[in-house]
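Student: May we work through this model together, one question at a time?

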Amino acid sequence: MSSASPAPLSLEQSTKYCQRLTRRQAGNFYFAFLTLPKPNRSDMSVLYVFMRHCDDIGDTLGTSLDDRLRRTFPLEGNSAGGTDSWRTTGRSSSAPAFVDLVERTNLPHEFLFAVITGVERDLQEEQMLTFTQLQDYRYHVAGVVGAVVCTYGG
């Protein structure tokens with residue numbers, strides 16, 4: 001039995017993976033994406049898979065916070081680094097398409113990290129004592145998704 005990792009997917013394979021996953025899991029989002037021009041539709045599928053992956057990490061029961069956060073592809077430990085370090089993670093079939101999208105569109109990395117911060121905050125018991133705290137929480141768990149889509153311009 002070999003412990004070698006499977007070969008990373010090509011950009012085309014990765015993009016098709018994202019499109020298939022979006023079609024299978026996105027429900028009404030998938031049909032909304034069909035109204036976009038084909039290149040934008042493909043990119044929105046990649047963004048959907050990234051957001052879905054982050055959300056799924058938050059929803060994984062019976063797994064410690066540390067284990068869940070370790071699975072946060074492909075930004076883990078790279079907040080100061082560029083997309084070159086993301087490319088080598090090899091943790092997800094969607095990684096090549098995601099890296100390509102971020103590089104091509106210059107999506108602000110801080111938005112992507114904010115999505116991950118939202119997942120982290122959802123995994124911890126946190127009491128909102130002020131409206132400002134609630135606004136900050138709301139931004140990280142929902143608002144930043146809108147910011148990513150609006151910045152992308154899809």
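**Helix pairs**

Student: At what angle do the axes of α7 and α8 cross?
Tutor: An axis is a line fitted to C-alpha atoms, for helices over the stretch in contact, and angles run from 0 to 180 degrees between N-to-C directions. The axes of α7 and α8 come within 9 Å, and their crossing angle is roughly 145°.

Student: On what kind of model does this rest, and what is the handedness of the crossing of α7 and α8?
Tutor: The model is predicted, with pLDDT of at least 70 needed for local features and 80 or more for side-chain atom pairs, while totals for chains, interfaces and linings use all residues. Residues are numbered from 1 along each chain as its sequence is written, and side-chain values use heavy atoms, without hydrogens and water. A crossing is left-handed if the near helix is turned anticlockwise from the far one by less than a right angle, and right-handed if clockwise. For α7 passing α8, the crossing is left-handed.

Student: How many nonpolar residues does the contact of α7 with α8 have?
Tutor: Contact means heavy atoms within 4.5 Å; among the residues making it are Phe111, Leu112 and Val115 of α7 and Tyr137, Val141 and Val144 of α8. Ala, Val, Leu, Ile, Met, Phe, Trp, Tyr, Cys and Pro count as nonpolar, Asp, Glu, Lys and Arg as charged, and the others, Gly among them, as polar. The contact has five polar and three charged residues, and its nonpolar residues number 10.

Student: Are α3 and α8 roughly parallel or roughly antiparallel to each other?
Tutor: Helix α3 covers residues 38-59 and helix α8 residues 131-152; their axes come within 12 Å and cross at roughly 155°. Angles under 35 degrees count as roughly parallel, over 145 as roughly antiparallel, 65 to 115 as roughly perpendicular and the rest as oblique. The two helices, α3 and α8, are therefore roughly antiparallel.

Student: Which residues of α8 meet α3?
Tutor: The crossing of α3 and α8 is right-handed. From α3 come Pro39, Asn40, Asp43, Met44, Leu47 and Met51, and they meet, in α8, Val145, Val148, Val149 and Tyr152.

Student: Which residues of α6 does α3 meet?
Tutor: The axes of α3 and α6 (residues 95-105) come within 10 Å and cross at roughly 115°, and the crossing is left-handed. Asp43, Val46, Leu47 and Phe50 of α3 meet, in α6, Ala97, Phe98, Leu101 and Arg104.

Student: How many charged residues does the contact of α3 with α6 have?
Tutor: Asp43 of α3 and Arg104 of α6 both take part in this contact. By class, there are six nonpolar and no polar residues, and the charged residues number two.

Terms used: Helix = DSSP H or I, 4+ residues; strand = E, 2+ residues; numbered from the N terminus.
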